[in-house]
Amino acid sequence: MAPVDILANQLKPGTGWDEYLAGEFRQSYMHQLAQFLANEEAAGKVLFPPSQLCFNALNSTPLDDVSVVILGQDPYHGPGQAHGLCFSVRPDVPPPPSLVNIFKEIESDLGLAPPDHGCLQPWAEQGVLLLNSVLTVEQGNAGAHQNRGWENFTDQVIATINRERENVVFLLWGGYARKKGKHIDRQRHLVLEGPHPSPLSAYRGFFGCRHFSRANAFLQERGQRPVNWALPSKAELLARYTRK
């Protein structure tokens, strides 16, 4: 089986994404990307997240369920962190600094105490697409897979949402995310922009942005279900996904 077909098989059928993005796997850039990833693994390099989770964001949030999009840049490159959702880590991994700041803003905005873990899978299953621009990375080498083709693919993800959905809230934090979302139709969707939640920039306006309550207000005004930004405890989360 060709590398591009192996990659395509990681995208779950029946999510809507498989239908709208099928053509991307026939494009030359995707063949080149898949071959690059296969070559990296053959050379013994460790890639994150594991290949079966590279499309976790799309597989966890079907197109018809998308109500909020959060755009990230690269997966985490430390062992055991990345699992295919931007800003999220596995339940047994301490939340990184940017995620800690996201939880601080949620506490300030909504009065929800920070959880005892950093796994955002429950958000994804409510319709929050946690999309990185680049979907893989080499261990210990941040940005190693930039400009290899993933950006083209995730541009098509955003274009599909922009075209096929209405009244989606896009949360664009930092200059990279704002640039990535520059073609979103702001007559059809709500775009909320702010500084990145990293410790270097959170105090420049991420804290106090109230994006979480503003997103829910927008959804409720349009008869849609608001997001429950509260996360279950680590114990509850582990029990839930162990049962699946």
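Helix α3 comprises the 15 residues 28-42 of this predicted model, and its end C-alpha atoms are 21 Å apart. This agrees with the span of 21 Å that follows from 1.5 Å a residue, the expected span being 1.5 Å times one less than the number of residues. Helices (H or I, at least four residues) and strands (E, at least two) are DSSP runs, numbered from the N terminus. Residues are numbered from 1 along each chain as its sequence is written. Because the model is predicted, local features need pLDDT of at least 70 and side-chain atom pairs count only at pLDDT 80 or more, while totals for chains, interfaces and linings use all residues; side-chain values use heavy atoms, with hydrogens and water left out.

The buried residues of α3 are Y29, M30, L33, A34, F36, L37 and E40, where buried means under 20% relative accessible area, exposed over 50% and partly exposed in between (1.4 Å probe, protein chains only). They cover an arc of only 155 degrees around the axis, which places them on the same side of α3; the arc is that of the directions from the helix axis to the C-beta atoms. An α-helix has 3.6 residues a turn, so residues three or four places apart point the same way. S28, Q32 and A42 are exposed on the other side of α3. The buried residues of the helix pack against α1 (3-8), β1 (47-48), β4 (137-138) and α7 (150-164), contact being defined as heavy atoms within 4.5 Å. After α3 comes G44, with a positive phi near 90 degrees.

The peptide bond from F48 to P49 is cis, and its omega is near -10 degrees. P49 belongs to the loop between β1 and α4 (56-60). F48 is 92 residues from G140 in sequence, yet the two C-alpha atoms are 9.7 Å apart in space. G140 itself lies in the loop between β4 and α7 and counts as exposed because its relative accessibility is 57%.

Most residues other than glycine have a negative phi, and most peptide bonds are trans. N167, in the loop between α7 and β5, has a positive phi near 60 degrees and is partly exposed, at a relative accessible area of 23%. In F87, phi is also positive, near 70 degrees. F87 is in the loop between β2 and α5 and counts as buried, with 10% relative accessibility.

F87 is also among the residues nearest the centre of the largest pocket, together with Q73, D74, Y76 and H196. A pocket is, on a 1 Å grid over the protein atoms alone, an open set of points where a 1.4 Å probe fits, with protein on both sides within 12 Å along at least five of seven lines; lining residues have an atom within 4 Å of a point. The volume of the largest pocket is about 380 Å³, and its lining consists of 26 residues. Two or more lining residues come from each of β2 (68-72), α5 (97-110) and α8 (175-180), and α8 gives the largest share, three residues.

Helix α9 (residues 211-221) has H211, F212, S213, A215, N216, F218 and L219 as its buried residues. Among the elements that cover them are β2, α5, β5 (169-173) and β6 (190-194). G223 follows α9 and has a positive phi near 75 degrees.

Methods:
Points joined across faces, edges and corners; volume = space filled by probe spheres on them.
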